[in-house]
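Dear colleague,

Please find below the structure that I am handing over to you.

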Amino acid sequence: MLTSSADAAVFNKIVKGVGTSTLTLVSVLGGACLPLSAASAGEIRGFVVDWFHVATAYVEANCPDGLNPLSDEFYKRELRRLGYDNTEVEELMKDFPNGGYIPVTTMRGRVNGEPVNVYANPWTQPDPELKPVKGSRGFGFNLDGKNGTEDFVDPVSGETGVDNQMYRALGCIQNFAFHAPDLPIYPFAQWDLTRDTAPAWLIEIRDIDDLQNDDDVTIIIDKSVDTIERDTNGDALADMTLRVDPNSRSRTVVKGSIENGVVSTTTFESSLEADPMLLPLFEFKGARFRLALNEDGSAQGILGGYQPWEPLYWSYAQGAWIVEHSAGIDIPGVYYALKKHADADPDPQTGENKSISTAWWVDAQPAIIVYPENAKTAGVVGAQ
Amino acid sequence: MIARKFGGGNELLTARTDNRIYGPRNCGPWLGRAVAVGAISIALSACAPGGADPQNEASFAPVDAGGPPVMRRLTEEQYKQVVADIFGPTVELGGRFEPDPRESGLLAVGAGQVSVTTSGLQQYDIIARSIAAQVTGEERRAAMIPCKPTNAQSADEACARQFLSLVGRLIYRRPLTEEELDARVQNAKNATEKLGDFYSGLEMSLAGMLVAPQFLFRQEITEPDPNNPGQQRLDAYSKASRLSFFLWNTAPDDQLLTAAENGDLHKRDGLAKQVGRMIASPKLKTGVRAFFEDMLEFDKFSELSKDAEIFPKFNFIAAEDAKEQTLRTIVNHLVSDGGDYRDLFTTRKTYLTRLLGALYRVPVTTPEGWESYEFSEDSRQAGILTHASFVALHSHPGRTSPTLRGKALREVLLCQKVPDPPGNVDFNIVQDTANPDFKTVRQRLDAHATEPMCVGCHKITDPIGLALENFDTIGGFRMTENGAQIDTSGQLDGVDFSDAVGLGQVVHDHPGLTSCLVNRVFSYGVGRTPTQSEKKWLDSYIEQSFAEKGYRVPQLLQRIATSEAFFQIANTEVEAAVDGLAVASSEFLQPEKKQ
């Protein structure tokens, strides 16, 4: 999604090669061998997204009331709520994580007294009231330009007024109780399970004159037709050639700057397609992105923005019982928590917020990004 | 023997070059460096007009009668290729092969000095049974067996005989004798009677043929030479095998066996016709590929590993791709394009996969498989020395080794022998890549080479290997090591270069490069090191012929394969062995004394 006609012009110039040589259409590598100050005028750096997951910043102070219960505990709670006595609950749960409780807890929603699938209809069970994050440490950006009581302070950038209500809603789930760059387990699995087959996400930084400080660069976020390859550590293999999807709906072009080796964008809107089996369609509004360029050519950063919360919910709900019992995530609890903490995009009819502020951790590896027109151009550029 | 010095000053790299006549194309840079007695006149003669005249080959031919006949175990690649040729490429081989030993730089020579161990025989048996079961199985029998038994539950001698004689000729690389065929047919009959199934009986007999020494070993048979009373010669089928494994790395096909049967291979015209046919065949690519895979010691890829923590890009697929990159480059350049052998060390054309593109950090867009690629003129990547196959194969798992790389270049490509290090060397300085006082391997080696026992050999190897320091342990390009700029300058036998591209050019022009190839090719074909007089013939006549043909490898193969020397057999093994030993021992480089 292009944010403005000016961005569209920038993009067209880049992609169509208007006024540029063919060489500019292929990303220079992330610079594994080059010091960060070694950019040449108008240099391009390409990256492939290695990891993309909820940016969690767990410290005990964030969850002073403790963490939310795991599934063996909340299933028993739900069974008791449904009227089973302790003996029956123990019997149903005796073979956990397998056993007789599964159909019962799956159908624990009630509509007119009749059981319904609670994952498809989360509103049919009462709000289990997940414990939210009460501390102030959280990744992201001040998206609304205000400093409110609900806002966080980013532990890396130090930015105040950080809007990240998704983390506030879910950050005390045991599965999320990690501090980036440590990976929260289920979000890690969501990304890891899909990235061998899903088109890779690409990031390109253009118009770089100085990798340390540059007040005018262009950032392109896009999608490839290729998937990542893994290295021997299971990460995305660095320096692979990845072809840009000519029909990508994920393309975003935004202006930005580099300060002390960290790329920061202006505000943008972006649509990012991932594997719909496990991840939502990301439709960020009011988004910002920062990316620290590392000496080894890799990059790390945070993408933050307002995201419709219902697709977020469905990315958990479609895993249903498996997500609940293995990841310990109370799925209807997620529904209620996201709904409660949503902080943007009010529905004109109901006044309920349809979007929630979020922050996502991004790890990226250097990549060679090739545009369709140039797909067969060989030997035009390299790290040499 | 004339000891020659390449380069001035302290260089003292002696190499046996009796009567060597270097090719006329690159005399300039080397002429002024040939300083030892007699060398200048030799070099001048090399630069003179004229050259090898095939009609006068007799005057250049080896004065002795060649080496002994050789019995060589099929290499793993040959076994696989033969089976694929006879039974089709879809037949799968189970089991493991015994490692092929390397001798005088070649597995092809080592294959003549091995037997089969008990466990090796068990593996051959497993593989043979697997092949035989597939060939006679329901899925393939209609295509493989040219007849049907009158009753599938009982023996059919005629059908068994027809099949076994047909495949036996290809498996044994000659027609079976009556006794052999009778025994195999009887074997099939006995098994059929016990198992109650004709095809099972055939399977047992076929499996027996596939573990027979006549199959597993290339036995060269001699016979009295009617043209040279008192002399022996290879029989026609042995000649056919020698030719076929030399040019195609597989067993003779039907036409070649027929030519042997007709006696054509004993005739100059008949031999030339068959060699011409084989050189023109697409199978030549297989043969050239097999030779270079052997010469470049690519069998070592099977045990190549890298530190995954430091080099996460490198896995077994990358290793296979690296090997394949170089072989594709070689075969395409030498066979498809008919290129000059020396240009392999300067060419920027190659083939890459996406994985290799990541290794070299260049764009490769073909999602699966290979695409041709040409490194840019300003790239420091040129020639096969800069391929991952060379720099990775001759490095340690976690760090580069200019010493190993330099040693490999001298031994593999120039046929020089670098002495092994003494057993009590202290490698601490070299191995400590984190020492802030020695950030680059050049600095570490300089410090290490202050050890008197080390300096001599390191002067032979390191200046060459250091030229490749822009390529890390897995072949990735780098300009710095531990933050320090890498200096890739050096010299090879007195000729300076500034980087890997320059080194490639120096290797391209080095007289030892082509003479080494000529000797290796001959050794590969005959399965032994050349005798002294063969070496003289190779270093003079054949190398000159190679030069006149523009260093085209197919022409070199053709020249050797049609020569009398290629098939000549010594009357006594002792005579030949002593002669060969003398040549082998003369290839050692002498470590330079510390100045």
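**Findings**

In chain B, the secondary structure amounts to 27 helices and ten strands. Please bear in mind that the model is predicted.

Chain B consists of 595 residues, of which 51% count as buried. When contacts in chain B between residues at least 6 apart in sequence are considered, 70% of them join residues at least 24 apart.

Within this chain, I would draw your attention to B:Thr488. This residue is located in the loop that runs between β8 (484-485) and β9 (490-492) of chain B. B:Thr488 is classed as buried because 22 other C-beta atoms lie within 10 Å, and the cut-off for that class is 20 or more. Leaving aside residues up to four places away in sequence, B:Thr488 touches B:Leu466, B:Ala467, B:Glu469 and B:Asn470, and also B:Ser498, B:Asp499 and B:Ala500. As for B:Asp343, its C-alpha is 21 Å from that of B:Thr488, and 145 residues separate the two in sequence.

Turning to chain A, the secondary structure comprises nine helices and 13 strands. Chain A has 384 residues, and 50% of them count as buried. Of the contacts in chain A with a separation of 6 or more, 67% are between residues 24 or more positions apart.

Is A:Asp345 buried or partly exposed? A:Asp345 counts as partly exposed, because it has 16 C-beta neighbours inside 10 Å, whereas a buried residue needs 20 or more and an exposed one has 12 or fewer. Not counting residues up to four places away in sequence, A:Asp345 touches A:Tyr306, A:Asn353, A:Lys354 and A:Ser355. A:Lys285 lies 60 residues from A:Asp345 in sequence, and the C-alpha atoms of the two are 9.4 Å apart in space.

A word on confidence is also in order. The average pLDDT of chain A is 87, and 87% of the residues score at least 70.

With kind regards

Technical notes. Residues numbered from 1 in each chain as written. Chains lettered and ligands numbered in written order. Predicted model: local features only at pLDDT ≥ 70, side-chain atom pairs only at ≥ 80, totals over all residues. Helix = DSSP H or I, 4+ residues; strand = E, 2+ residues; numbered from the N terminus. Contact = placed C-beta atoms within 7 Å. pLDDT = per-residue confidence, 0-100.
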